[in-house]
Amino acid sequence: TAKTSPSTPPPHSTTLVTVTSSPLTTTATSTAPTVSTAITTTTTTWGPSTPEPTSHITVSPSPGSTSPVSVTTSSTTPTGSFTTASGTTSSKFTVATSTASTSEIPTSHITVSPSPGSTSPVSVTTSSTTPTGSFTTASGTTSSKFTVATSTASTSEIVTPGSTPTSTAVSLSLFFLALSFQTQPGEWWWLCECIKAVCIEDDKVQVIPVICEPPPKPTCANGLSPVRVIDEDKCCWHWECDCYCTGWGDPHYMTFDGLYYSFQGNCTYILVEEINKNIDNFGVYIDNYHCDSRDVVSCPRVLIVRHETQEVRIATVKPNSMQVEVTVNKQVVALPYKKFGVSIYESGINRVVEIPEIKMNVSYNGLSFSIQIPSSIFGNNTQGQCGTCNNNTADDCMLPNGTIAENCETMADHWQVVDPSKPQCSPGLTPAPPTTPTMTSCKESAICELLWGSVFEPCHAFVQPDKYYSACVFDSCVLPTLDLECSSLQIYAAICADQGVCIDWRSHTNGVCSYKCPENKEYRACGPTNELTCKSSQQNETSTKQVEGCFCPNGTMLYDPAVDVCVKTCGCVGVDMIPREFGERFTVDCQDCICLEGGSGIVCEPHKCPIQKITSCDGEGFHEVSEVNPDDPCCPLFTCKCNTSLCSNNTLKCPLGFEVHSHIPSDKCCPVYEC
């Protein structure tokens, strides 16, 4: 029993927590300088009144606590035991005498666990005059704080399932916290990681450890591998088929669930929007244009991503190229860009838009795009040219009114949006039947054959290339001069890389599909999605996926995602884009600078010029000019120069028989006249 006098607080007060296991009684005594609230009896009883295996009391210190707690034990039997734990070290004490004994144990947390082999329930009785209270134990000059959260007087039984209750340990502090809420039969809460407490009835609480069994691996309709997703309880996991939509070439589409079709529209279309709007102003759109002289074949021009207050546009700068420009709300931005939950960055040859809140990833490189969203968030709630995200191709050709079209070529034209730059497009009206370019008989490009050959063979077990082969043949026959068949190989290689298979294919195209990198970088078919930089850490890179693109040569690394300079050692890079080592002094833009580790890196001050001897330019015709100093371009040389046009025109008139003669003295600029 612990009690304090509410009227006159003593200099030291005592709180007792008694755990009784017949016939052994163990009492933990905590001595503290002050008690903020009155705390009455807390008694825990294990088992019936007949002698049984005794329970264990585990006493664990709070983090950083070194203060002892006085534990008093008394027993009428020769044996009994309790365990104290401090950090990772445990010590056992055996009480073999009926006389009272006192021990001090560094503790601040008490955990009750059943004895091995015991199936008796634990009866926990708590009562308090206040719902919460706190007290402090002190030993010498060291103190540790306890927080006690209890409810009004109540008695509960903790029923452990199974015949081995040793797997269950109930923390009193967590249990008291649970008792502070009123629970109904059937309600449950987490005691700790993967351990449930279920309210049964009559204040009986059942403790259930959650056991996870590996779920069966499903087959995804889009042919990709399923991904592991942690359950909401953070204990177990399940498989899900992420929704992956792609578009490439002129253009060919693969819906979220893997349905392939081609569409030659010339408007701006909805790729994906929500059916039931849960995310404010969300959608992904594509602006297509006719890219051939006959105006029958289309190519992507701009990819648009909207989320809440931002509209991201990734536009192709040069037709049929991978030169793109990124704007946010009609303003050009530099990459990487991060604002209001939207992140935009470069990853290999792609520009990537990520929205972590909804786990969406959109990439575009001017020739192809991909949209990856989780089915856990978007399942059965998407519409547009990418279809419905539900691992079922049957409803991928759904129209805006909810009906299913005969084919996706017909469906695709119904998803037009208003575009002021394309007045010929009329969303809401019944579009004209789609026209498909006729393929004259032609021999497919040898590049397309690579998809079925040994180059891509390692990926065939993960993703079949048949649809990409069909698209490649179509592009090589309809538009043989644009080399669009390369985009089919590129998108297939990118999907293979997502599945963990890297294909180095461009070197097998005899230069037709080559990719040229800047002079300071080199091409790699398999590089990291996020390149290592001086501002990042190798330990932070957890992704195993790879992408193709231009990367820093071996032995160097990218200085910063926003500073496209490869460096051998991480120092500083200024406005001149020249790498500097720490401690190096240099002059740039007539500023004397030094590269320092830490802070902003480069510290500059105005360049100081030596004091020059001032030459007088008082003579007529002389004027001061500045000349470039070859030894110090920031410090010009000031000299006097003669300009005869500045001389006064004093024409001398000579008498008859004389003529005017002029000469310039050595220390003068203007001529001297005489008769």
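Visitor: Why is R506 called buried?

Guide: This is a predicted model. In it, R506 has a relative accessibility of 7%. Buried means under 20%. So R506 counts as buried.

Visitor: What makes R506 and E548 a salt bridge?

Guide: Their side chains meet at 2.8 Å, N to O. The cut-off is within 4 Å. The pair therefore qualifies. R506 sits in the loop between helix 7 and strand 35 (522-528), while E548 is in strand 36. The two are 42 residues apart.

Visitor: How do you know whether E548 is buried or exposed?

Guide: E548 has a relative accessible area of 10%. That is under 20%, so E548 is buried.

Visitor: Why is D576 called partly exposed?

Guide: D576 has 25% relative accessibility. Buried needs under 20%, and exposed needs over 50%. The value for D576 falls in between, so D576 is partly exposed. D576 forms a salt bridge with R580, with the closest N and O atoms 2.6 Å apart. R580 is buried, at 13%.

Visitor: What makes D287 and K422 a salt bridge?

Guide: Their closest N and O atoms are 2.3 Å apart. The limit is 4 Å, so the pair counts. D287 lies in strand 24, and K422 in the loop between helix 3 (408-412) and helix 4. They are 135 residues apart. D287 is buried at 5% relative accessibility. K422 is buried at 5% too. A network of salt bridges links D287, R301 and K422.

Visitor: Which strands stand at the edges of the open sheet, and why?

Guide: The sheet has 7 strands in the order 28-27-26-25-24-23-34, with antiparallel pairing. Strand 28 (331-332) and strand 34 (382-383) each have a single partner strand, so one side of each has no neighbour in the sheet. Further in, 4 bridges join strand 23 to strand 24. There, I270 stands opposite Y285.

Visitor: Why is helix 7 described as mostly covered?

Guide: Of its 14 residues, 12 are buried. Q490 and I491 are among them. The buried residues pack against several elements, including strand 33 (368-373) and helix 6 (466-478).

Visitor: What makes S368 and Q490 a polar contact?

Guide: Their side chains are joined at 3.1 Å. S368 lies in strand 33. S368 is buried, at 4% relative accessibility.

Visitor: Where is the pLDDT below 50?

Guide: The chain averages a pLDDT of 73. Over residues 1-178 the pLDDT is below 50. Where pLDDT is low, the predicted coordinates should not be read in detail.

Definitions and conventions
Residues numbered from 1 in each chain as written. Predicted model: local features only at pLDDT ≥ 70, side-chain atom pairs only at ≥ 80, totals over all residues. Heavy atoms only, no water. Pairing = 2+ DSSP bridges. Buried < 20%, exposed > 50% of the residue type's maximum accessible area, 1.4 Å probe, protein only. Contact = heavy atoms within 4.5 Å. Polar contact = N/O pair within 3.5 Å; in protein donor to acceptor, adjacent residues only side chain to side chain. pLDDT = per-residue confidence, 0-100.
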